[in-house]
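Here are some questions about the words used for a structure, with answers that set values against definitions.

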Amino acid sequence: MDSVRGSVRLDTEQAGVDAFRDGWEAQIGDGFTLPAFNHEATAGAVVRGLASRVGDSVVTDFETATRVRVDSAFPDTGELRLYVVHRGAYILKRERDSIAVDAGQFLLGRSTGVTGYEVAAGTSAQVIGLPAEALGLFADGTQATGPAAAAEVQLLLAHTRVVHATLGDLSDGGVQAGRNALVELVRGVLHGYVDGTEPGPLVHAAGNLADQLLTDPDLTPALLARHLKVSLRTLHRAFASTGEPVAAYIRRRRLEQARRALLSPSRPTVSEVAAHWQFADSSHFIRMFRRQYGRTPAQYARDHQVSPGTSTADRRASTSG
């Protein structure tokens, strides 16, 4: 790994796309070739950002004021790319389908098969490019997806901000250290969220997402799969290793939250609890609840009724029954 470094600012409104290409070729260099932008597609595009090369890796931060579309394919080097989207959306196009990275999400995968992309107006994002061999365990077709707010992602982005700010002052050894830290931090992101290799991280990510959407009437295994950018089959296969299907997990978590709600000081009715936690109707809720806990919701609430003077510890103990 060499100690090459360089940076180029992107401002299509002030300097145009051609100036950015010239700056990219001069500062970022070979190995990170830009696609052949279609003039009609990029005419009038307003994009601002900063790209920094640190050794054999590139970090690009950008914001779009207008929609941007590129239909020409990148050279198919199979490099690793991490897309982190804060606002808007970044859509990767392939021959047979497309993958949308929505606001608040990240996607890590190889560039193989990407034929273009589309970025929505008002998008704020980072794209990090790493050489294909940087993470040898990351095979073609493997993806990592998850929330941009994840601690591992935030740690990585903090490092990229430092890289942008200090790149010009770093020694050759500092450039190498900055690159190595970048790779290790990307590895940390990969370790937590992987699709198609180990089922544990995917189950964990799906479970966390489902818990956030329990009151959403549209919550289904298919919705989770779309959010996590995996196939429904992959999601079902991951949950098969736990012995609990995805739909069963959603139902169990809704029942657990409904059970706690029944003991709320506001004393909601069975119908209110059933509606809030997205059961089809009261009868369905009562039937599922009795199957899970051996009592009807009304019986459970009555048996665990807490008097106003009960301590917090006793109140918590009553909800564990």
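Q: Which residues of H8 are buried?
A: Buried means under 20% relative accessible area (1.4 Å probe, protein chains only). In H8 the buried residues are Val246, Ala248, Tyr249, Ile250, Arg253, Arg254, Leu255, Glu256, Ala258, Arg259, Ala261 and Leu262. The model is predicted: local features need pLDDT of at least 70, side-chain atom pairs count only at pLDDT 80 or more, and totals for chains, interfaces and linings use all residues. Residues are numbered from 1 along each chain as its sequence is written, and side-chain values use heavy atoms, with hydrogens and water left out.

Q: Why is H8 called largely enclosed by the rest of the structure?
A: Of its 17 residues, 12 are buried, so the description holds.

Q: Why are H8 and H10 called roughly perpendicular?
A: Angles of 65 to 115 degrees count as roughly perpendicular. The axes (lines fitted to C-alpha atoms, over the stretch in contact) of H8 and H10 cross at roughly 95 degrees, and the two helices are therefore roughly perpendicular to each other.

Q: What makes the contact between H8 and H10?
A: Contact means heavy atoms within 4.5 Å. Among the residues involved are Leu255 and Ala258 of H8 and Phe285 and Met288 of H10.

Methods. Axes fitted to C-alpha atoms, helices over the stretch in contact; angles between N-to-C directions. Helix = DSSP H or I, 4+ residues; strand = E, 2+ residues; numbered from the N terminus. Parallel < 35°, antiparallel > 145°, perpendicular 65-115°, else oblique. Buried < 20%, exposed > 50% of the residue type's maximum accessible area, 1.4 Å probe, protein only.
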